[in-house]
Amino acid sequence: MAQIVAAMAMTHSPGMTGWFTQAPKDQQELTLRATAALRERLDAARPDVLIMFSNDHLLNWPMNNMPEYTVGIADEHVGPADWFDEWLAMEKYRVAGHPALARFIVNESARRGLALSHLRDMQFDDGISVPTHYLNPDGKFQLVPITMNCTVPPIPKPSRAYEVGALLRDVVRAYPGSERVAVIATGGLSHEPGGPRYFWVDEEFDRWFLDLLARGDHVALLRECTLERMEAAGSGGTAELLAWILVLAFTRGPAEILAYMPAIAWRSGTGMVAWSALA
Amino acid sequence: MGNVERCDKTLPTNEMMYHIRKDATLRARFVSDLAAVAREFGLSPAEYEAIRDLDPRRLMDLGVHQYYVPQILRLYFGTANNSNASAALERYQRAFPEETAQALALKARLEGGR
């Protein structure tokens, strides 16, 4: 049976690669230190596969048919999509997939009552590309990308993301192989991409949310961190934290906050966390 | 609920933007002959004019998803200089003066002296 060996979360804002040096020096340095710490944790955990939970920024699906979750099942993943490479200031990268695990996740989830869409040729925007740049730059870990909708109404509620996370945790563990798997949430913190508050971040919300993670009480977090609260802290962007809440279901106890910065130059509250105890 | 709730999922501009981001030829035509591309996708005159005028407020009032609005600006202004002193910022300052002024004041407070 597959084993879950690490859980972590980080922001994926395009500014972190596309216009990195526009942020103050201390934010640049903190980002480099915290992502190096995440890489060290991955090296210590020795995963074979990274399952990255991110969100699709209206790239893979048109609005007339937006699935809640989508799994990338390719043998090899290539990014960023053409529209994004200049924006992200990134060369094309190639990362091996794990089609057997990805296809098992799709089919076993269906047997357990969860509908997941899938794509053989998933396109990648900042959601997968930025964390890959920082955490898997040489492609040594295989990748199974899972994207979610958090920006086209109806946006799923946090309780739903946690419930899906718990089901996927059991599905991954049921995979008939000896793979070691790290789960990584990407997105957040507060931001409002393209909305009236496009150039703003909500530091108070971000610190409140990270404090909830540091307290490690999942019930309290799900009670207090409502979708309405996330939307008030930046519509259509802050709800990317649903990926963090999904990964929360793979963990127990407090998260360690490795970094937080109200990185207004990158137009997103920016943070990196890791969990020591897994559920 | 938040600003994304205002989007019209059935709006032709939202469908057009999905295709434009995937098709370089269509992107080039969009910039050189917006009127023709707008006709092909069935945009209303109001959608066409809001795009032509690059007005974020009117675009969102019509139901364009907020995420596509800076992407429409990028088609004209390119991706260079993504800083908060960009052409996109100027358009947002005009469209949302209060929100953008608050954001810039916050930026000055957070980054002042660094």
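This is a predicted model: local features need pLDDT of at least 70, side-chain atom pairs count only at pLDDT 80 or more; totals for chains, interfaces and linings use all residues.
## The interface between chain B and chain A

The size of an interface is often given as the accessible area lost when the parts come together. For chain B and chain A the buried area is about 3800 Å², and carbon and sulfur atoms account for 62% of it. To this contact chain B brings 39 residues, while chain A brings 43 residues. Across the interface the rule finds 0 salt bridges, whereas 15 residue pairs, both members at pLDDT 80 or more, are found in polar contact.

On the side of chain B that touches chain A, the elements giving two or more residues are α1 (12–20), α6, α7 (87–95) and α8 (97–111) of chain B. Among these, α8(B) gives the most, with 7 residues. When the residues on this side of chain B are sorted by class, 17 are nonpolar, 12 are polar and 10 are charged.

## Cavities

A search of the whole structure finds 5 cavities of 30 Å³ or more, and the largest cavity has a volume of about 270 Å³. Its lining is made up of 22 residues, of which A:Pro14, A:Trp87, A:Pro193, A:Tyr198 and B:Tyr67 are the closest to the centre of the cavity.

Helix α6 of chain B, which covers residues 68–77, supplies the largest share of this lining, namely 3 residues; α6 of chain B is also listed among the elements that give two or more residues to the side touching chain A. By class, the lining of the largest cavity consists of 8 nonpolar, 9 polar and 5 charged residues.

Most residues other than glycine have a negative phi, and most peptide bonds are trans. Against that background, the peptide bond that joins A:Gly79 and A:Pro80 is cis, with an omega of about -15°, and A:Pro80 is found in the loop between β4 (76–79) and α3 (82–88) of chain A. Another cis peptide bond runs from A:Pro153 to A:Pro154, where omega is near 0°, and A:Pro154 belongs to the loop between β7 (142–148) and α6 (158–173) of chain A.

A further feature concerns the phi angle. A:Arg267, although it is not a glycine, has a positive phi of about 60°, and A:Arg267 lies in the loop that connects β9 (255–263) with β10 (268–275) of chain A.

Methods
Residues are numbered from 1 along each chain as its sequence is written. Chains are lettered from A and ligands numbered from 1 in the order in which they are written. Side-chain values use heavy atoms; hydrogens and water are left out. On a 1 Å grid over the protein atoms alone, a cavity is a set of points where a 1.4 Å probe fits but cannot get out, and a pocket is an open set with protein on both sides within 12 Å along at least five of seven lines; lining residues have an atom within 4 Å of a point. Grid points are joined across faces, edges and corners, and a volume is the space filled by probe spheres set on the points. Helices (H or I, at least four residues) and strands (E, at least two) are DSSP runs, numbered from the N terminus. Ala, Val, Leu, Ile, Met, Phe, Trp, Tyr, Cys and Pro count as nonpolar, Asp, Glu, Lys and Arg as charged, and the others, Gly among them, as polar. Contact means heavy atoms within 4.5 Å. Buried area is the accessible area (1.4 Å probe) that two parts lose on being put together, summed over both. A salt bridge is a side-chain nitrogen of Lys or Arg within 4 Å of a carboxyl oxygen of Asp or Glu. A polar contact is a pair of N or O atoms within 3.5 Å; within protein, one must be able to donate a hydrogen and the other to accept it, and residues adjacent in sequence count only if both atoms are side-chain atoms.
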